[in-house]
Amino acid sequence: MDKKMVLGVSFGRKMGNTDVMIKTALMECEKAGYAVRFIRADDLDIRPCTGCISCVVGMTTGRGKGGCPIQDDFHILDEALMACDAVIVGSPTYVLSPTGRFKTVCDRIGPSHDITFRKATYDEGLAAGKPAEQLPDTRSFKKRVGALVSVGGAMTKNWLSFMLPTMYEFTMSMGIDVIDMHEYHGAMAFEHVLGNTAQMERMRQVGRHIAEALAAETEEERTRWRGEEEGVCPVCHCDMLTVSKDRRSVECPVCGIRGAFEVRDGRLEVRFSAAEQQRSRLHWDGKLEHSTEIKTQAVGPGQIPDLKALKAPYIGYAE
Ligand SMILES: Cc1cc2nc3c(=O)[nH]c(=O)nc-3n(C[C@H](O)[C@H](O)[C@H](O)COP(=O)(O)O)c2cc1C
């Protein structure tokens, strides 16, 4: 049997901090007996999603399998993602968030790679007797684990505020189970991460955690959280919260689930019920909720009879 493969994806500069950190984790995975592959996103010509939604429309109508009409290098990353069993993704912080290219790549991954869309398309196509090449890639449904690595030059952690929550966009639609995440802030206080022994050791640990999860014999052990902090949300382990308009509840912006809160001894206690946790968009049920709402409520063309006339005054206006 082929070795399981760990894919490392860096959105950093060539041989910069992120590159070396991701490679450090990969070296540990290789030591544990896994095949590894490294991709620097900036080496690929990956163009922005144009919003044509042919990926989703193709899947919901049964005419497509989640493909994208843009002809560029995305297929290189896509094939590596399909082939891998684990992914370790790292991005530098650019203005509080991952880089622009990170977002570009995430837009190309989802919703075209959403496992609930792909599975329904696969099952319906199979039942209709379609040949394998017209069905979504069966590797889309492989169980994978992942780790997220955020790198920021700033000395103050809050200059990386949107990093880890946003980085879930990379793993979410493919249903990759994130089992560890790490944030390195203060990177500019070191010439290079290679001079920071604590960070280098933590990245070796990320690699060991991924290797451990790949070797797990039970689902519970495979998906066990190995990050240093539990975080406020028990599903994504992030600390970010959205406060509801009526100020009576909170929501995890990564998972899209509602929680109750109280202040006990001056400490904010947040509780997400088991049912809410189950409907996190990081889990199948949460994703299915969304793909179902799109399939049942999104409307096709031809609903507004005079749309062409209504659009006319806007065509070319003030351009
Ligand atoms: C355009 C730009 C914006 C940046 N904004 C932030 C920021 O908001 N917070 C932060 O911590 N670092 C910020 N940085 C610093 C980078 O995150 C830092 O240099 C990082 O180490 C680069 O990663 P690399 O060495 O892997 O390329 C910014 C850098 C650039 C180029």
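Predicted model: local features only at pLDDT ≥ 70, side-chain atom pairs only at ≥ 80, totals over all residues.
Where the two domains meet, 14 residues of domain 1 and 14 residues of domain 2 take part in the contact.

On the side of domain 1 that touches domain 2, at least two residues each are supplied by helix H2 (54–61), helix H5 (115–127) and helix H6 (163–171). Sorted by class, this side of domain 1 consists of nine nonpolar, four polar and one charged residues.

## The shell around the ligand

The ligand has 19 residues around it, and of these Gly12, Gly16, Pro92, Gly152 and Gly153 come nearest. Two or more residues of the shell are given by each of helix H1 (17–31), strand E3 (86–94) and strand E5 (145–152). Strand E3 provides the largest share of the shell, namely three residues.

When the residues of the ligand shell are sorted by class, ten are nonpolar, eight are polar and one is charged.

## Helix H1 against helix H7

Helix H1, which gives residues to the ligand shell, also packs with helix H7 (residues 197–214), at an angle of about 45° and with the two axes 7 Å apart.

From H1, the contact is made by Met21, Thr24, Ala25, Leu26, Met27, Glu28 and Cys29, while H7 brings Met200, Met203, Arg204, Val206, Gly207, Arg208, Ile210 and Ala211. The residues of this contact divide into ten nonpolar, two polar and three charged.

## Helix H5 against helix H10

Helix H5, one of the helices on the side of domain 1 that touches domain 2, also meets helix H10 (residues 284–297), and the axes of H5 and H10 come within 8 Å and cross at roughly 70°. Since angles of 65 to 115 degrees count as roughly perpendicular, H5 and H10 are therefore described as roughly perpendicular to each other.

In this second helix pair, Ile115, Thr116 and Phe117 of H5 make the contact with Trp284, Lys287, Leu288 and Ser291 of H10. By class, the contact of H5 with H10 is made up of four nonpolar, two polar and one charged residues.

Notes: Residues numbered from 1 in each chain as written. Contact = placed C-beta atoms within 7 Å. Helix = DSSP H or I, 4+ residues; strand = E, 2+ residues; numbered from the N terminus. Nonpolar A, V, L, I, M, F, W, Y, C, P; charged D, E, K, R; others polar. Near = placed C-beta within 6 Å. Axes fitted to C-alpha atoms, helices over the stretch in contact; angles between N-to-C directions. Parallel < 35°, antiparallel > 145°, perpendicular 65-115°, else oblique.
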